[in-house]
Amino acid sequence: MMSIHTLPPVSSHARDLAGIDQVRVSLNGVLRGKPAVIENVLVCLLAQGHLLIEDRPGLGKTTLAKALADAVGGHFARVQCTPDLLPSDITGFSIFNQKAHEFEFRPGPVFSEVLLADEINRSTPRTQSALLEAMAERQVTVDGLRHPLSPQFFVIATQNPHEQHGTYPLPEAQLDRFAMKLSVGYPEPDDEIEMLAAAVASNSDNQPRLAILAPGQLLRLQESVRQLNVDRTVQDYLVRLAQATRGHPHISLGISPRGLLTWQRAAQAQAFLRSREFVTPDDIQDVALPVLSVRLGIEREHPASIIQELLQSISVP
Amino acid sequence: MNINVPSAASPAAQGKSLHAGSLPLLLSLVAVATFEIAQREAGGARWQIALKTAVISAMIVAGYRVFSSWKGTGRVPGRLTSWLLIASALLPIPLDALLRAASDSGHTLELLLVGGFRNLVCGLAMISYQRRFDRICCVASMFLIIFASAITSDPLVHLLVVLFALCGVWWLMGLYWDSLRGRLVGSTRRRVPKRFVIGIPLLFLPVLAILPLAAPQVAVVLPGWMPSSGGDKWSDPHARGGVNDGEAMVPATDDARSFGPVETDIFMESTQPSLYDVFNEMYGKPPKLQKTDRSIALPPEFLKHAHERMAKQQKLGKQFSTARRAPSPKLKTQQDVTSSALLYVAGRTPQHLRLEVFDLFDGVDWFPEEMSGIPAQLKLTMLGKQPWLQVPLRDPEDVLASPEAHQLKIINLQTNRIPSPPGLMGIHIDKVDRADMFAWAQESIVKMDRDELPDLTVIHIQSRTVRRERLRQTSLRNSSGQIFHRQIPSSVSESKLAALAKSWAGPGTNQWERIEAVVARLRETCTLDRNYRAQESCDDPITEFLFESRRGNDYMFASAAALLLRSLGHSTRLVTGFYVDPAKYEPKSRHTPVIREDVHVWLEIHAAPGTWVTLEPTPGYDVLLPAPNWWQRCLQALATAARHVWHYTWAYATCCLLLLMAWHFRAEVSDRIITGWWLLRPARRTRQHVFHTLQLLEQRCRWVGFTRGASDTASRWLLSLADRHMMPELDVIHRFSRVSDWARYAPAHQTVTPESHLREICREMVNCWTLARLKDLRTRRAVPQTPS
């Protein structure tokens, strides 16, 4: 039973939410003027999904990833993807220890909490698939041995949409491993002025930040998100939306069941961030664009308008 | 078709599509109620049927609620349900067998079968909450209502069928929408134009309200526009009775309710009194002749002949006197009067049915001419398999229109003369295939060679009406060949009469127009007074009628017109018979009864050799014109409607004013009603109360044009509305939007205490978003929304 003072539908995870609020404030301080992007990053984090950021260089993708890794209190690793990057450069490799007379496993950057795969589309498909296997199964297999990754393993991959020369575009099957695709975009002029002002005589970028979330707190938050209630009618709404993506004349590839599960999880995370213990169609609509744009084969230049049409064509329960 | 899914987006619908939910249930309830009413003819009072229907409906609704509570629990009707449905459909047959064995009573086979279908519909309705059953439930309900409406003629069933059709169309629209949903994009979304859907039927409301005030025939302004199935000459021994309006009517052999004239009945003998009693009862008996030395003014060379003829006719009692006593009123019960139809006529009206033609006039009495020469022989011709008596008809001037048919259904007509319209062409009585059964009674009047027409006989008649416009174009041949058709009695001042006729005819030269002018003037100048009688001492009732009283009965009009036209040189004669009054048309049976009060006297004028044209000088009586074409019928229908509206101008004006007021204040009035209902509506659960509140708010917003989109949740819609119009009560709206989300999407176990607080929030919201407030916001300029 809830009390009158906590009118529905305020979440009962108030303490955990306070931690998330601090993370939000921290990230907003790093990436100025992009609260919607921060919100989606948090959704993706809480939904245990991986994030693909598609934007131009220098817009703060790496800064965001590093700030997030600091905030959640995990180990941060960065891979600059190039065509000569090997799978073992990501997953790790075994070397022969002459003293012990045995092979010894040297873990790669995937054995971290937050991994930034910069310009992922510059690596070869072989390397991409190695990384994507790790993202999907949260484990890597080297020399026949399986090595589990961190339970809160979170990948932020970036790619530049404008420089296509010498790149290997991610196929749809691999894009489906990402939970969301975001675009940071240029900041507003006011935010840029603030950014410039804050950068004068400041060396904060080099200073390590303290972790905001306690060890294991992120896992608890993700578990809480999983527990959020989704009404049958809302699930029905979600399925109708999914069917609409599969029958739309301008969408060559509709959403897969795996994508549908991801969409529901993202909606749960969105509801959690809004201090609700149940999902509403608004949550589904709000995460629709980042969730769908990464996995739908939309034949037009502006997928946002197609997705908006889809949302408007299906009535809410 | 503009369609929408408003109910799907409403909280009441709770996620169901338009065609799901209560519509299949409603359709099945209507169908079951129709069947129960249709069964009533088999016995049982109305209240018993109402009680039975209510009990069955309650069972269906209770079953529906029980089964629909399974929704979301994973329980579904299984195979056992299918077997139960089949068993319920077959149940009436063994039950009826048991009933027959136990009490020697039962139902007909079709009722048993439809009863089984009813059981099936009841079962399907209970589980219609499931998608896979709702369609079959609606289809089964449709068949049930078709079967049920086919076995009854109860007016209430018609209403239920209309209701079913409306709901069915709505359900089909929803079905269609569901098939499209998911493929349409938002830009093509359309809404049902509710104001037209509701407003246009409202426009017809005054007509529906006032039509019952009008005479029955006004309500049926389009007789003959729609085809009628009629009878099929086949009868079922298990039929539950009833008389159709087709050609084959049902004999009253087993059931007195199936009374009607039949074509296959054998002729019956009768000793009932003469037809002329009817005229005496209507017009009163003529006074006994006080003077025996009266004579008609015929030319000397015809004097002897005329006297002989007059003496002969008097002996037979075949004169028609224009001097009569007032009839003594008879004590009759209401039932006697209403059941006194002499015959029924199917066909176009008004119609004049001739029985007797009078050619000679002596100033007081009319006498028929004895048939001279050898009349044309009557011949029977087989048309198809039907024997038709051909009546020779000449039309040298081509003034007759195309033939048309009438049916005379003899009920209680004591004469052997066949009442026939002018321009008679042929007569057909089923099974009468001998020409010697017919004979000439007078010129163009046929009689049967027996004492009287058998009761309940159907006589088919073919005749041709006169094209009046053609008469205007042709020169009339005034002489009929018989000089007495132009004879004016000596007791009447011929010069005075001729002067009057010429003054009424006007200066024109067209003969027919002059005739019409005289008749029209007579209709205008003189007054029909059924009770007026000239004094018995009056020797010249026509002069008294034309120049003094100017009021009298129809025979005075006819006689006066005949003499006026004779004074202009035309050949005229008096005709007695029946006037088939269109005002007495019975829309339900599509027949016009002819009663004793319909005996009538008119005149005919000789237009061409063998062609006598009916003239109607009596006010209030009309002549049948040729069948109008479609355009003329449209104009007639419009004219009838216009006359009706003109006649009830004030009633229509009042209704329209009330409707306009209701339309103008519809939102305010409806808001008071639904707000009162919201206050009084029982809502045991808090969630229900929130839904009711949201419904009320949505309705208010719809009235002012703030309609929620189908893809918007209630909370987002409320907040965006408040944001767009800068409402100061953001706190209340925020709280209510969260409450509405909770009520709609939170799991059932997630409750709130105390519930009174939620109800308080709902009340605050209702008080905050009043209709007047919303209207005020509407008039203000909304803040443009920034894209999120």
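This report covers the sheets, helices and nonpolar cores of a predicted model.

## Basis of the model

Residues are numbered from 1 along each chain as its sequence is written, and chains are lettered from A and ligands numbered from 1 in the order in which they are written. The model is predicted: local features need pLDDT of at least 70, side-chain atom pairs count only at pLDDT 80 or more, and totals for chains, interfaces and linings use all residues.

## Chain A overview

Chain A has 13 helices and eleven strands. Helices (H or I, at least four residues) and strands (E, at least two) are DSSP runs, numbered from the N terminus. Of the 317 residues of chain A, 44% are buried. Buried means that 20 or more other C-beta atoms lie within 10 Å of the residue's own; exposed means 12 or fewer, and partly exposed lies in between, with C-beta atoms placed from the backbone.

Two residues are in contact if their C-beta atoms, placed from the backbone, lie within 7 Å.

## Helix 3 of chain A

Helix 3 of chain A covers residues 61-72. Its twelve residues reach 17 Å from first C-alpha to last, close to the 16 Å expected at 1.5 Å a residue. The expected span is 1.5 Å times one less than the number of residues.

Nine of the twelve residues are buried, so helix 3 of chain A is largely enclosed by the rest of the structure. Among the buried ones are A:Leu64, A:Leu68 and A:Val72, but also A:Lys61 and A:Asp70. A:Gly73 follows the helix, with a positive phi near 80 degrees.

The largest nonpolar core has 113 residues. Such a core is a set of buried Ala, Val, Leu, Ile, Met, Phe, Trp, Tyr and Cys residues joined through C-beta atoms within 7 Å. The residues with the most contacts inside the largest core are A:Val41, A:Leu51, A:Leu68, A:Met180 and A:Ala266. Helix 2 of chain A (residues 35-46) gives the most to this core, with eight residues.

A:Ala266 touches A:Val43, A:Ala47, A:Gly49, A:Ala179, A:Met180, A:Val287 and A:Val291, not counting residues up to four places away in sequence. A second, separate core of 49 residues includes B:Ala501, B:Leu522, B:Met556 and B:Ala607.

## Helix 16 of chain B

Helix 16 of chain B (residues 494-505) has twelve residues, which should span 16 Å at 1.5 Å a residue; its end C-alpha atoms are 16 Å apart, which agrees. B:Leu497, B:Leu500, B:Ala501 and B:Ala505 are buried. They cover an arc of only 130 degrees around the axis, which puts them on the same side of helix 16 of chain B. The arc is that of the directions from the helix axis to the C-beta atoms.

The buried residues of helix 16 pack against helix 17 (511-525), helix 18 (541-549) and helix 19 (554-567) of chain B. On the other side of helix 16, B:Ser495, B:Ala499 and B:Ser503 are exposed. B:Gly506, just after the helix, takes a positive phi of about 85 degrees.

## Four-stranded sheet of chain B

This open sheet has the order 3-15-17-18, with antiparallel pairing. Two strands pair if DSSP finds at least two bridges between them. Strand 3 (351-358) and strand 18 of chain B stand at the edges, each with a single partner strand, so one side of each is left without a neighbour in the sheet. The twist averages 45 degrees from one strand to the next. Axes are lines fitted to C-alpha atoms, for helices over the stretch in contact, and angles run from 0 to 180 degrees between N-to-C directions.

Seven bridges link strand 15 (residues 572-580) to strand 17 of chain B, with B:Gly577 opposite B:His600. Five bridges link strand 17 (residues 599-608) to strand 18 of chain B, where B:Glu604 partners B:Thr614. Two residues lie between the strands of this hairpin, and B:Gly610 takes a positive phi near 80 degrees. Four of the five residues of strand 18 (residues 611-615) are buried. Helix 19 of chain B lies across strands 15, 17 and 18, running at about 15 degrees to strand 17.

## Seven-stranded sheet of chain B

Another open sheet of chain B has the order 6-7-9-12-8-2-16, again with antiparallel pairing. Strand 6 (379-383) and strand 16 (592-595) of chain B stand at its edges, each with a single partner strand, so one side of each lacks a neighbour in the sheet. The twist averages 30 degrees from one strand to the next. Four bridges join strand 2 (residues 341-346) to strand 16 of chain B, and B:Val345 stands opposite B:Thr592.
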